[in-house]
Each structure stands twice: as structure tokens, then as C-alpha cells.
Amino acid sequence: MAPKFGTSGVRGLVTDLTDGFVADYVNSFLSHCDTGGAVYVGQDLRASSQRIANAVMTTAQARGLQVFDCGVLPTPALAYAAETAGKSAIMITGSHIPADRNGIKFYTTQGEISKQDEANIVAGLGQTFDTLDAKGSVQKVADQAIAAYTSRYVEAFGADAIQGLRIGVYQHSSVARDILVDMLSQLGADVVPLERTTEFVPVDTEAVDPDARAKFQNWCAEHTLDALVSTDGDADRPMVTDHTGAIVPGDVLGALTAQYLGADHICTPVSSNSMISQMPEFKAVDLTKIGSPYVVAAIETVQKTKPAAKVVGYEANGGFLLGFNVKGLTPLLTRDCALPIVATLAAAKGRGLALAELAADLPAVFTAADRIAGIETTVSQAFIKDLMEDAGARAGFFDHGARIEALDKTDGLRVGFDASEIVHLRPSGNAPEFRCYAEAQSALRAQELVSFYLNKLSKQLG
């Protein structure tokens, strides 16, 4: 399948992301979106990322733009540097998908591109552009961008925010592996770096395999950790465990972070834990399609129509978007890993609770999520379309002994059953993956539902 836009930029096989392909998309972006006359370029640690980044920078230079080479850094750090300077940005990353794939994310001077920006870029593909005799310059600014991102949170939370906590950092191949160690240390934690890799590891914060979960439990016990933290490959999604090594789901991190910051309005995809509707501090909850562009659009609507609202957004993967000024932090409308990690740890420390106790104070609604890979998008989309349109097909597939009571087709198919259970199926838009989300009155039951339906999908579509 040829590379194409999904919810997080253009993604595809590395072999298809040729220099010519990259130049075509970058040229269209530069021609149809506000760049501020310059572009900040960052990348993750995939073997292919440097080559693609070089193609991006060469294309931008040929169009006369100044290029700021940010090297390897988190996507939110790149976005913050570009936004602060009033310039555009391009991040080379495939996030959590395997290393034989990669991707490109675009940011205008206003932040993440919108769906309209995306349509304009696609419409402009295939055009030819003259190169200029006077090429744009390249300036390396990785150190400055990383320092600014780290300072953003150290200055906001203070040197004793998590003092006394012993925090493990699962480093793997995350672009934030050194930044997290430095940031958490500056915030007062005793930090233990763990398992740094030389090969790229495709960590998906929504689909952590059993072997990794067992490893986390062992680390927490061996090193007497209060928590273990990590991110996906480009560090726009956090991963946090409690002291036992049990993973705190991303939408729980989102709720805890929103609560700690004093937010009163939440924008989040329909796949997120519905417990937020039971939390009185949140006056409004807007549910969106899955993907940060939809969350960003919802936050921007709130900012325009309700300027006094303390609005935030987050996704089920844990990526957090800040939409109001708080603690000296300015809004940052792109998925961020650092804020939910730091805020959740600070909230637990401030209340004198273990992270597990902090999460236990939330309404007792539990979620689970996982995916199966290797199913082509065309196959999964045809399957989900059949379930949406054919009541008989739905009844035949959803057969775990509960009665269907509600359907939500906002993004994929979200089915509500009696006993307050939900199963949500969604094919990926730009990767051969099929995701399943579930919600139930216990964590075990939610995981049972995910396992049951992923097994059925694997048998029918695998």
C-alpha cells in the first residue's frame, strides 16, 4: 500500500518513502501552508530517519527557506520550539509502528496541520517547483530545543515536585530516553535508567505485550521503584506504571493530569474511558474521532467560543494537549508525553499517595486496548463496514453472551452492551493494524473482552 495520510501524518514502508516522494510532500506543504519562512526539522531513532530528514532539509533549502536542524528529539519538543519561534516544523517518525516503516508529520506556524491543511497538501502533490540560486541555510539547534522543552516543565513544577520518589526510566529507543532522566532528576526524583537499546523498538503505549509487562513488574520489584515511565518512539505518548509494574492506562493518566491542572473542559476521542462523565470537576466533555487533529480542532473551538474555559485534550494512548495557561505553562496543542508523566507523579507526591492509590480514587470504570498487526487496511475497513451496516453480521460476531444496547459509529464501531460493557473496533487508517478497545466494571473483564474479540478478528481476517 502506498504511503498516505492517517491520523498522525503520512506513513508507509521505508522503501516507498523515497527522496522523490518526500520532496513532493514537502514541496506541497511549503506551498500550501504557513511556514513563517522557515522550518524546524526533527527525527526519531529509526535507521531510515536521517535519510528522510536530509531529503526534507534539502527540499526546504532549495525553496529558499531557512532550516533549523533539531536532530533527534521528542515530537512535542520540536513542536514547542517551532511554535515559540513562529515557524513551521516537520518531524520524521513512524511513532510506534515497526522499523520497516516511517512517517512525516507537518506543523504550520499555528501547530499541527488541520484536516483542511492535509487536503490542500494532497491536492498540491505532483507540481513542479523552481529551485532558487540562493539556497536557504541550515542551523543546528538540537541542544537549544531540548533545553527549552526540559525547562518548560522544570520551571513550572519546581525542583522538589517529585522529591523522594524513585523512578525507573525504560529507555529503549525513545527519543526522550535521556531527556526524561534529566528532567525527572531536576524535579527531585532518584532516577534509574533501564534497558537502553541500539536497535529501534516499536513501543506502543496502548498495546504492551505480556513479556514487557512482566519485565516492568520485575524491574519495579528489583529496584524498589515508585513508578516506571517511558514513551513511544517519538515521545508524544507516555507510558507509566505504578510501583507494582502495572500500567496506568493513557486515558487514566489524562484524567489525573486534567484533574491536577484544574481543567474544567475535556476534549478526547470516543475511545477514551467514559469515567470522566462521572467526574464533577469536568463541566463539559467533548468526544471526537480518534486522532490528534480532531482533538486539536475541538480544543480550538472551545477556545474561540468559551475563552474562559480551562480546556485540555488527551487520547487513550496518553498523549496530552494543553489548551489554557496554567502553572506558567502556555498552551501546546500537540500530543505530549512529559506533562502527563510529571503531573501524575506530582499529584501522587502532593497527596502523599502511591500512584495506584491515586488512580483508585477515580470512578471505577476500566479499559483495555490492544491490536493485531498484519491485516491490510482494505480488508479491515471492509469488515468493519459490514458490521456497521448488517445487523445480522453484528449479532453473529458480537456473541460473548451480552445484549447489544447501543451503537456509536463516530470512528470505527463502538458497541455498548448490557452490564455496562463496551467493545470498540477500529482499523488503522495508514498501517496494517486492527485495534480493539473495551470498557467494563473491572480491569480483568475489560482485558478478557479485548482478548476475546482480537482472537475472533485474527481467525476471521488473519
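Student: OK, so buried means under 20% relative accessible area, exposed means over 50%, and partly exposed is in between. Which of those is Arg 351?

Tutor: Arg 351 has 46% relative accessibility, so it counts as partly exposed. Keep in mind that this is a predicted model.

Student: What does the Arg 351 side chain meet in a salt bridge?

Tutor: That would be Asp 361, with 2.7 Å from N to O. Arg 351 is in helix H10 and Asp 361 is in the loop between helix H11 (355-360) and strand E19 (366-373), so the pair ties together parts 10 residues apart in sequence.

Student: How many salt bridges does the count come to?

Tutor: 27. One of them joins Asp 69 and Lys 140, whose closest N and O atoms are 3.2 Å apart. That pair links distant parts of the chain, with Asp 69 in strand E4 and Lys 140 in strand E8, 71 residues apart.

Student: Is Asp 69 buried or exposed?

Tutor: Buried, because its relative accessibility is 10%. Lys 140, on the other hand, is at 65%, so it counts as exposed.

Student: And which residue forms a salt bridge with Glu 389?

Tutor: Lys 385, and their closest N and O atoms are 3.0 Å apart. Both sit in helix H12, and because they are four residues apart there, about one helical turn separates them.

Student: Why would four places matter in a helix?

Tutor: An α-helix has 3.6 residues a turn, so residues three or four places apart point the same way.

Student: Switching topic. Which residues of helix H6 are buried?

Tutor: Arg 177, Ile 179, Leu 180, Val 181, Met 183 and Leu 184. The buried residues of H6 pack against helices H5 and H10 and strands E9, E10 and E11.

Student: What follows H6?

Tutor: Gly 188, with a positive phi near 105°.

Student: Back to Leu 184. What does that residue touch?

Tutor: Leaving out residues up to four places away in sequence, its contacts include Ile 162, Val 191, Val 229 and Leu 345. Leu 184 and Phe 157 have the most contacts inside the largest nonpolar core, which has 75 residues. H10 supplies the largest share of that core, nine residues.

Student: What lies apart from it?

Tutor: Another core, of 26 residues, with Leu 17, Phe 29, Ala 60 and Ile 121 among them.

Student: Last one: which residues are linked in a network of salt bridges?

Tutor: Asp 204, Glu 206, Asp 232, Arg 237, Arg 371, Glu 433 and Arg 435.

Note on methods: Residues are numbered from 1 along each chain as its sequence is written. This is a predicted model: local features need pLDDT of at least 70, side-chain atom pairs count only at pLDDT 80 or more; totals for chains, interfaces and linings use all residues. Side-chain values use heavy atoms; hydrogens and water are left out. Buried means under 20% relative accessible area, exposed over 50%, partly exposed in between (1.4 Å probe, protein chains only). Helices (H or I, at least four residues) and strands (E, at least two) are DSSP runs, numbered from the N terminus. Contact means heavy atoms within 4.5 Å. A nonpolar core is a set of buried Ala, Val, Leu, Ile, Met, Phe, Trp, Tyr and Cys residues joined through side-chain atoms within 4.5 Å. A salt bridge is a side-chain nitrogen of Lys or Arg within 4 Å of a carboxyl oxygen of Asp or Glu.
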